[in-house]
Amino acid sequence: MTDTDPPPHTFARAADGTALAYQRRGHGFPLVLLAGQANNHRWWDGIREDFHATHSTITLDYRGTGASDKPEAGYSTPEFAEDVIAVLDHLGIERADVYGTSMGGRVAQWVAARHPGRVRRLVLGCTTPGGPHAVERDASVRRALAQPDPEAARQALIDLMYSPAWRAEHPGPYTTLGDPAMPPHARRGHLLASNRHDAWDVLPTISAPTLVLHGDQDRMAPPDNLALLAARIPGARTHLFAGARHAYFEECRPEASALVSAFLTD
(Lines give C-alpha, C1' and ligand atoms only; values in the text may rest on other atoms or scores of the structure.)
Protein backbone atom coordinates (compact mmCIF):
# COMPACT_ATOMS: atom_id res chain seq x y z
CA MET A 1 0.00 0.00 0.00
CA THR A 2 1.25 3.51 -0.85
CA ASP A 3 0.39 6.83 0.80
CA THR A 4 -2.01 7.53 -2.07
CA ASP A 5 -4.04 4.39 -1.48
CA PRO A 6 -7.25 4.69 0.58
CA PRO A 7 -6.64 3.40 4.11
CA PRO A 8 -8.33 0.08 4.80
CA HIS A 9 -10.71 -0.22 7.70
CA THR A 10 -9.55 -2.19 10.72
CA PHE A 11 -11.70 -2.59 13.79
CA ALA A 12 -11.25 -2.19 17.53
CA ARG A 13 -13.90 -2.71 20.19
CA ALA A 14 -15.07 -0.08 22.63
CA ALA A 15 -15.76 -1.02 26.24
CA ASP A 16 -19.47 -1.44 25.43
CA GLY A 17 -18.71 -3.69 22.45
CA THR A 18 -19.17 -1.03 19.75
CA ALA A 19 -17.05 -1.77 16.66
CA LEU A 20 -14.77 1.18 15.92
CA ALA A 21 -13.27 1.46 12.45
CA TYR A 22 -9.80 2.99 12.38
CA GLN A 23 -7.19 3.68 9.72
CA ARG A 24 -3.43 3.71 10.23
CA ARG A 25 -1.04 5.00 7.60
CA GLY A 26 2.64 5.88 7.38
CA HIS A 27 5.48 5.04 9.73
CA GLY A 28 6.93 6.65 12.80
CA PHE A 29 5.65 7.86 16.14
CA PRO A 30 1.83 7.57 16.31
CA LEU A 31 -0.27 10.69 15.74
CA VAL A 32 -4.00 10.45 16.41
CA LEU A 33 -6.06 12.80 14.22
CA LEU A 34 -9.57 13.56 15.49
CA ALA A 35 -12.24 14.97 13.18
CA GLY A 36 -15.13 17.36 13.72
CA GLN A 37 -18.71 16.67 14.73
CA ALA A 38 -20.65 14.16 12.60
CA ASN A 39 -17.59 13.49 10.43
CA ASN A 40 -15.54 10.36 9.82
CA HIS A 41 -11.85 9.93 8.93
CA ARG A 42 -12.36 11.61 5.54
CA TRP A 43 -12.05 14.94 7.38
CA TRP A 44 -8.27 14.42 7.21
CA ASP A 45 -8.06 13.55 3.51
CA GLY A 46 -5.16 15.45 1.96
CA ILE A 47 -3.82 16.57 5.33
CA ARG A 48 -2.59 13.44 7.06
CA GLU A 49 0.15 12.89 4.52
CA ASP A 50 1.84 16.08 5.71
CA PHE A 51 2.90 14.27 8.90
CA HIS A 52 4.18 11.01 7.43
CA ALA A 53 7.80 12.13 7.34
CA THR A 54 7.94 11.69 11.11
CA HIS A 55 4.68 10.03 12.20
CA SER A 56 2.23 7.31 11.43
CA THR A 57 -1.28 8.75 11.42
CA ILE A 58 -4.25 7.09 13.08
CA THR A 59 -7.81 8.20 12.35
CA LEU A 60 -11.05 6.63 13.43
CA ASP A 61 -14.66 6.75 12.40
CA TYR A 62 -16.47 7.96 15.50
CA ARG A 63 -19.28 5.71 16.64
CA GLY A 64 -22.24 6.66 14.48
CA THR A 65 -20.08 7.48 11.43
CA GLY A 66 -18.28 5.74 8.59
CA ALA A 67 -17.72 2.01 9.00
CA SER A 68 -18.11 2.06 12.79
CA ASP A 69 -21.21 0.77 14.53
CA LYS A 70 -24.13 3.15 15.03
CA PRO A 71 -25.40 2.33 18.52
CA GLU A 72 -28.17 4.23 20.27
CA ALA A 73 -25.92 5.17 23.21
CA GLY A 74 -22.39 6.35 23.96
CA TYR A 75 -22.47 9.83 22.41
CA SER A 76 -20.51 12.29 24.54
CA THR A 77 -17.05 13.78 24.24
CA PRO A 78 -15.74 11.84 27.28
CA GLU A 79 -17.09 8.60 25.78
CA PHE A 80 -15.56 9.41 22.40
CA ALA A 81 -12.28 9.90 24.26
CA GLU A 82 -12.58 6.42 25.74
CA ASP A 83 -13.16 5.10 22.21
CA VAL A 84 -9.85 6.69 21.19
CA ILE A 85 -8.13 4.89 24.07
CA ALA A 86 -9.79 1.62 23.00
CA VAL A 87 -8.22 2.02 19.53
CA LEU A 88 -4.80 2.75 21.03
CA ASP A 89 -5.11 -0.27 23.32
CA HIS A 90 -6.07 -2.44 20.35
CA LEU A 91 -2.96 -1.26 18.50
CA GLY A 92 -0.74 -1.77 21.54
CA ILE A 93 0.21 1.92 21.58
CA GLU A 94 1.16 3.20 25.01
CA ARG A 95 1.76 6.84 24.02
CA ALA A 96 0.82 9.01 21.06
CA ASP A 97 0.60 12.60 19.90
CA VAL A 98 -3.00 13.80 19.58
CA TYR A 99 -4.31 16.48 17.19
CA GLY A 100 -8.02 17.26 17.37
CA THR A 101 -9.96 19.89 15.46
CA SER A 102 -13.47 21.24 16.15
CA MET A 103 -15.35 18.57 18.13
CA GLY A 104 -12.22 16.47 17.78
CA GLY A 105 -10.44 19.11 19.83
CA ARG A 106 -13.06 18.69 22.53
CA VAL A 107 -12.53 14.94 22.50
CA ALA A 108 -8.76 15.46 22.62
CA GLN A 109 -9.13 17.56 25.77
CA TRP A 110 -10.67 14.57 27.56
CA VAL A 111 -8.08 12.14 26.20
CA ALA A 112 -5.27 14.31 27.58
CA ALA A 113 -6.99 15.07 30.89
CA ARG A 114 -8.17 11.54 31.68
CA HIS A 115 -5.16 9.67 30.32
CA PRO A 116 -2.12 11.94 30.79
CA GLY A 117 0.35 9.09 30.40
CA ARG A 118 -1.00 8.27 26.94
CA VAL A 119 -0.49 11.72 25.35
CA ARG A 120 3.01 12.97 24.52
CA ARG A 121 1.98 16.21 22.77
CA LEU A 122 -1.45 17.77 22.23
CA VAL A 123 -2.73 20.05 19.46
CA LEU A 124 -6.17 21.64 19.76
CA GLY A 125 -7.58 23.32 16.66
CA CYS A 126 -10.67 25.50 16.10
CA THR A 127 -12.24 24.28 19.32
CA THR A 128 -13.59 25.47 22.67
CA PRO A 129 -13.59 24.42 26.33
CA GLY A 130 -17.38 24.12 26.18
CA GLY A 131 -19.81 24.87 28.98
CA PRO A 132 -20.73 28.29 30.36
CA HIS A 133 -17.19 29.65 30.08
CA ALA A 134 -16.89 29.14 26.32
CA VAL A 135 -17.58 31.86 23.76
CA GLU A 136 -20.42 30.42 21.72
CA ARG A 137 -21.28 31.03 18.07
CA ASP A 138 -23.95 33.69 17.63
CA ALA A 139 -27.61 32.98 16.96
CA SER A 140 -27.36 33.85 13.27
CA VAL A 141 -24.88 31.00 12.76
CA ARG A 142 -27.18 28.55 14.52
CA ARG A 143 -30.14 29.67 12.42
CA ALA A 144 -28.16 29.36 9.19
CA LEU A 145 -27.14 25.78 9.99
CA ALA A 146 -30.64 24.78 11.12
CA GLN A 147 -32.61 26.13 8.17
CA PRO A 148 -34.98 23.58 6.62
CA ASP A 149 -33.58 23.75 3.08
CA PRO A 150 -30.70 21.18 3.08
CA GLU A 151 -28.82 22.85 0.24
CA ALA A 152 -29.05 26.28 1.87
CA ALA A 153 -27.78 24.81 5.14
CA ARG A 154 -24.94 23.12 3.26
CA GLN A 155 -23.93 26.37 1.58
CA ALA A 156 -24.01 28.13 4.95
CA LEU A 157 -21.71 25.45 6.37
CA ILE A 158 -19.27 25.81 3.47
CA ASP A 159 -19.20 29.57 4.07
CA LEU A 160 -18.41 29.00 7.75
CA MET A 161 -15.62 26.57 6.91
CA TYR A 162 -13.79 28.44 4.12
CA SER A 163 -13.21 32.02 3.05
CA PRO A 164 -14.71 33.16 -0.30
CA ALA A 165 -11.26 33.70 -1.78
CA TRP A 166 -10.15 30.17 -0.97
CA ARG A 167 -13.42 28.66 -2.23
CA ALA A 168 -12.99 30.47 -5.53
CA GLU A 169 -9.76 28.54 -6.11
CA HIS A 170 -10.92 25.31 -4.45
CA PRO A 171 -14.52 24.60 -5.53
CA GLY A 172 -14.64 21.20 -3.85
CA PRO A 173 -15.77 18.59 -3.26
CA TYR A 174 -15.14 19.13 0.45
CA THR A 175 -14.68 16.32 2.97
CA THR A 176 -15.46 18.38 6.09
CA LEU A 177 -19.24 18.79 5.69
CA GLY A 178 -20.37 15.74 7.64
CA ASP A 179 -20.94 12.06 6.95
CA PRO A 180 -24.03 11.87 4.71
CA ALA A 181 -24.68 8.22 5.63
CA MET A 182 -25.18 8.88 9.36
CA PRO A 183 -28.54 7.75 10.70
CA PRO A 184 -30.63 10.48 12.37
CA HIS A 185 -30.12 9.15 15.90
CA ALA A 186 -26.34 9.25 15.50
CA ARG A 187 -26.43 12.75 14.04
CA ARG A 188 -28.48 13.90 17.04
CA GLY A 189 -26.05 12.11 19.35
CA HIS A 190 -23.08 13.95 17.87
CA LEU A 191 -24.86 17.30 18.13
CA LEU A 192 -25.67 16.70 21.79
CA ALA A 193 -22.14 15.47 22.50
CA SER A 194 -20.63 18.66 21.12
CA ASN A 195 -23.20 20.96 22.73
CA ARG A 196 -22.85 19.34 26.17
CA HIS A 197 -19.06 19.34 26.21
CA ASP A 198 -17.59 21.09 29.27
CA ALA A 199 -13.94 20.37 30.10
CA TRP A 200 -13.28 23.65 31.93
CA ASP A 201 -12.56 22.07 35.29
CA VAL A 202 -10.13 19.46 33.95
CA LEU A 203 -8.14 21.63 31.54
CA PRO A 204 -5.61 22.69 34.24
CA THR A 205 -4.78 19.01 34.80
CA ILE A 206 -3.50 18.56 31.23
CA SER A 207 0.24 17.96 31.47
CA ALA A 208 1.14 17.33 27.82
CA PRO A 209 2.82 20.23 26.00
CA THR A 210 -0.07 21.85 24.13
CA LEU A 211 -0.46 23.96 21.00
CA VAL A 212 -3.79 25.78 20.42
CA LEU A 213 -4.64 26.89 16.86
CA HIS A 214 -7.50 28.92 15.41
CA GLY A 215 -8.55 30.90 12.37
CA ASP A 216 -9.12 34.54 13.30
CA GLN A 217 -12.30 34.70 11.17
CA ASP A 218 -13.89 31.57 12.66
CA ARG A 219 -17.61 32.13 13.38
CA MET A 220 -18.32 28.45 14.04
CA ALA A 221 -16.06 28.37 17.11
CA PRO A 222 -15.17 32.01 17.83
CA PRO A 223 -11.41 32.64 18.13
CA ASP A 224 -11.74 34.12 21.63
CA ASN A 225 -11.81 30.48 22.74
CA LEU A 226 -8.12 30.16 21.86
CA ALA A 227 -7.17 32.50 24.72
CA LEU A 228 -9.55 30.73 27.11
CA LEU A 229 -7.99 27.34 26.40
CA ALA A 230 -4.45 28.68 26.57
CA ALA A 231 -5.12 30.33 29.93
CA ARG A 232 -6.47 27.08 31.40
CA ILE A 233 -3.86 24.63 30.05
CA PRO A 234 -0.46 25.10 31.71
CA GLY A 235 2.20 26.36 29.32
CA ALA A 236 0.02 26.18 26.20
CA ARG A 237 1.30 27.89 23.05
CA THR A 238 -1.04 29.56 20.55
CA HIS A 239 -1.24 30.62 16.92
CA LEU A 240 -3.95 32.50 14.98
CA PHE A 241 -4.20 32.13 11.19
CA ALA A 242 -5.06 35.46 9.57
CA GLY A 243 -8.14 35.42 7.36
CA ALA A 244 -8.97 31.76 8.03
CA ARG A 245 -12.35 30.42 9.03
CA HIS A 246 -13.17 27.13 10.76
CA ALA A 247 -11.20 24.83 8.42
CA TYR A 248 -7.89 26.68 8.87
CA PHE A 249 -6.07 23.32 8.70
CA GLU A 250 -7.14 22.97 5.07
CA GLU A 251 -7.23 26.57 3.90
CA CYS A 252 -3.85 27.34 5.52
CA ARG A 253 -2.52 23.83 5.02
CA PRO A 254 1.17 24.57 4.25
CA GLU A 255 1.58 26.91 7.22
CA ALA A 256 -0.62 24.91 9.60
CA SER A 257 0.88 21.51 8.87
CA ALA A 258 4.42 22.91 9.11
CA LEU A 259 3.62 24.55 12.43
CA VAL A 260 2.12 21.36 13.86
CA SER A 261 4.99 19.23 12.54
CA ALA A 262 7.55 21.55 14.12
CA PHE A 263 5.72 21.46 17.45
CA LEU A 264 5.46 17.67 17.43
CA THR A 265 9.16 17.23 16.69
CA ASP A 266 10.49 20.09 18.86
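Analyst: Trp43, Trp44, Phe51, Tyr99, Phe241, Tyr248 and Phe249 are linked into a cluster by ring pairs. Keep in mind that this is a predicted model.

User: How many aromatic pairs in the whole structure?

Analyst: The search finds eleven aromatic pairs.

User: Which ring does the charged end of Arg120 sit over?

Analyst: That of Phe29. The charged end of Arg120 is 3.8 Å from the ring centre.

User: And Arg121, which ring does its charged end sit over?

Analyst: The ring of Phe263. Here the distance to the centre is 4.9 Å.

User: What's the lining of the largest pocket like by class?

Analyst: It has 15 nonpolar residues, 15 polar ones and seven charged ones.

User: You listed Ala38 by the pocket centre. Where does Ala38 sit in the fold?

Analyst: In the loop between E3 and E4. Ala38 also has a positive phi of about 60 degrees, although it is not a glycine.

User: Is Ala38 buried or exposed?

Analyst: Buried. Its relative accessibility is 6%, and buried means under 20%.

User: What about cavities, how many of 30 Å³ or more?

Analyst: The count comes to one. The largest cavity has a volume of about 30 Å³.

User: Which residues line the largest cavity?

Analyst: Arg106, Thr128, Val135, Glu136, Arg137, Met220, Ala221, Pro222 and Asn225. By class, that lining has four nonpolar, two polar and three charged residues.

User: On to charges. How many salt bridges does the structure hold?

Analyst: The structure holds 15 salt bridges. One of them pairs Asp50 with Arg253, at 2.5 Å from N to O.

User: Where do Asp50 and Arg253 lie?

Analyst: Asp50 is in the loop between strand E3 (29–34) and strand E4 (55–60), and Arg253 is in helix H9 (residues 253–265), so the pair ties together parts that are 203 residues apart in sequence.

User: How accessible are Asp50 and Arg253?

Analyst: Both ends are partly exposed. Asp50 has 26% relative accessibility. Arg253 has a relative accessible area of 30%.

User: Which residue does Arg42 form a salt bridge with?

Analyst: Asp45. The closest N and O atoms are 2.2 Å apart. Arg42 is partly exposed at 40% relative accessibility. Asp45 is partly exposed too, at 31%.

User: Now Glu151. Which residue is its salt-bridge partner?

Analyst: Arg154, with the closest N and O atoms 3.7 Å apart. Glu151 is partly exposed at 41%, and Arg154 is partly exposed at 36%.

User: OK. What's the peptide bond from Gly172 to Pro173?

Analyst: It is cis, with omega near 5 degrees. Pro173 lies in the loop between helix H5 (164–169) and H6.

User: And Ser102, what's its phi?

Analyst: Positive, about 60 degrees, although Ser102 is not a glycine. Ser102 is in the loop between strand E5 (96–101) and H2. It counts as buried, at 14% relative accessibility.

User: Last one. Where does Ile206 lie?

Analyst: In the loop between H6 and strand E7 (210–215). Ile206 counts as buried, at 2% relative accessibility.

User: How far apart are Ile206 and Glu79?

Analyst: They are 127 residues apart in sequence. In space, the C-alpha atoms of Ile206 and Glu79 are 18 Å apart.

Conventions:
Residues numbered from 1 in each chain as written. Predicted model: local features only at pLDDT ≥ 70, side-chain atom pairs only at ≥ 80, totals over all residues. Heavy atoms only, no water. Phe/Tyr/Trp six-rings, centres within 6.5 Å; stacked < 30°, edge-to-face > 60°. Lys NZ or Arg CZ within 6 Å of the ring centre and 35° of its normal. 1 Å grid on protein atoms, 1.4 Å probe; cavity = no way out; pocket = protein on both sides within 12 Å on 5 of 7 lines; lining within 4 Å. Nonpolar A, V, L, I, M, F, W, Y, C, P; charged D, E, K, R; others polar. Points joined across faces, edges and corners; volume = space filled by probe spheres on them. Salt bridge = Lys/Arg side-chain N within 4 Å of Asp/Glu carboxyl O. Buried < 20%, exposed > 50% of the residue type's maximum accessible area, 1.4 Å probe, protein only. Helix = DSSP H or I, 4+ residues; strand = E, 2+ residues; numbered from the N terminus.
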